[in-house]
Amino acid sequence: MATHVLVPVDDSNQSTEALEFACEEYPEARITALHVLDPGDFYAATGIEGGAVANYEELQDHHQDRAEAILEAAREQAADHGVEIETDHVVGGISRSIVDYAAEHDVDHIAIGSHGRTGASRILLGSVAEKVARRSPVPVTIVR
């Protein structure tokens, strides 16, 4: 039985379903909702717009605020199931950050939402859930 379950969260329905699964299947386990801030999002938004360079710190603050809102929504969702969860956020590549977090924080199970890509889109774009499942040091449940 899992004692520490990691649930990566973003603002997608799939991550909501994954957290729902974790709360229902592992109500006695320590559950951590993790949001990964991809630095690529910061860099993609910086540059010249209308003749001015975008303010990197403002963008970073915006992403931090968004992360906190996502984690607060996760805490509320878990509370609706009578489960108190821990939350955290990290900055880095999404799949690698999830796997590294699991290895560094004594996680023994990951429940992750799948975006349901199939066929060519999965081959071309890859899947965070698939990468996590292949690289994870612990069992992974992919929730659809």
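**Note on the predicted model: sheet, helices and charged pairs**

1. Start with a local pair. Glu72 and Arg75 sit three residues apart in helix α3, so about one helical turn separates them. Their side chains form a salt bridge, 2.8 Å from N to O. A salt bridge here is a side-chain nitrogen of Lys or Arg within 4 Å of a carboxyl oxygen of Asp or Glu. Glu72 is partly exposed at 33% relative accessibility, and Arg75 is partly exposed at 25%. The cut-offs: buried is under 20% relative accessible area, exposed is over 50%, partly exposed is in between, with a 1.4 Å probe and protein chains only. Glu68 joins Glu72 and Arg75 in a network of salt bridges.

2. Ground rules. The model is predicted: local features need pLDDT of at least 70, side-chain atom pairs count only at pLDDT 80 or more, and totals for chains, interfaces and linings use all residues. Residues are numbered from 1 along each chain as its sequence is written, and side-chain values use heavy atoms, with hydrogens and water left out. Helices (H or I, at least four residues) and strands (E, at least two) are DSSP runs, numbered from the N terminus.

3. The sheet. Five strands form an open sheet in the order β5-β2-β1-β6-β7, and the pairing is parallel. Strands β5 (86-91) and β7 (140-143) are the edges, each pairing on one side only. Neighbouring strands are turned by 25° against each other on average, direction ignored. Pairing requires at least two DSSP bridges between two strands. Angles run from 0 to 180 degrees between N-to-C directions, along axes fitted to C-alpha atoms, for helices over the stretch in contact.

4. Strand β1 and its partners. Strand β1 (residues 4-8) runs parallel to β2 (residues 30-37), and five bridges join them. Val7 has Ala33 as its bridge partner in β2. Val5 stands opposite Ile31 in β2. On β6, the pairing with β1 is also parallel, over two bridges. There, Leu6 stands opposite Ile110.

5. How enclosed is β1 by the rest of the structure? It is largely enclosed, because five of its five residues are buried. Both faces are covered. His4, Leu6 and Pro8 are buried on one side, Val5 and Val7 on the other.

6. The β1, α1 and β2 elements make a right-handed β-α-β unit. Right-handed means that, with the strands pointing away from the viewer, the path from the first strand over the helix to the second runs clockwise.

7. Helices on the sheet. Helix α4 (residues 94-104) lies across β1, β2, β5 and β6 (109-113), at about 150° to β2. Helix α6 (residues 128-135) lies across β6 and β7, at about 165° to β6.

8. A buried histidine. His35 is in strand β2. Its relative accessible area is 5%, so it counts as buried. Beyond neighbours within four places in sequence, its contacts include Val9, Asp10, Arg66, Ala67, Ile70 and Leu71. Asp88, His89 and Val90 are also in contact with His35. Contact means heavy atoms within 4.5 Å.

9. A buried glutamine. Gln77 is in helix α3 (residues 56-80). Is Gln77 buried or exposed? At a relative accessible area of 14%, Gln77 is buried. A polar atom of its side chain lies 2.8 Å from the backbone oxygen of Thr16. Leaving aside neighbours within four places in sequence, Gln77 is in contact with Thr16, Leu19 and Glu20.

10. Charged pairs across the chain. The structure holds five salt bridges. Side chains of opposite charge can pair when their charged atoms come close. One of the bridges joins the side chains of Asp11 and Arg66, at 2.8 Å from N to O. Asp11 lies in the loop between β1 and α1 (13-25) and Arg66 lies in helix α3, so the pair ties together parts that are 55 residues apart in sequence. Asp11 is exposed at 55% relative accessibility, while Arg66 is partly exposed at 34%.

11. A strand-to-strand bridge. The side chains of Glu86 and Arg30 meet in a salt bridge of 3.0 Å, N to O. This pair links distant parts of the chain: Glu86 is in strand β5 and Arg30 in strand β2, 56 residues apart. Glu86 is partly exposed at 36% relative accessibility. Arg30 is partly exposed at 39%.

Definitions and conventions:
Polar contact = N/O pair within 3.5 Å; in protein donor to acceptor, adjacent residues only side chain to side chain.
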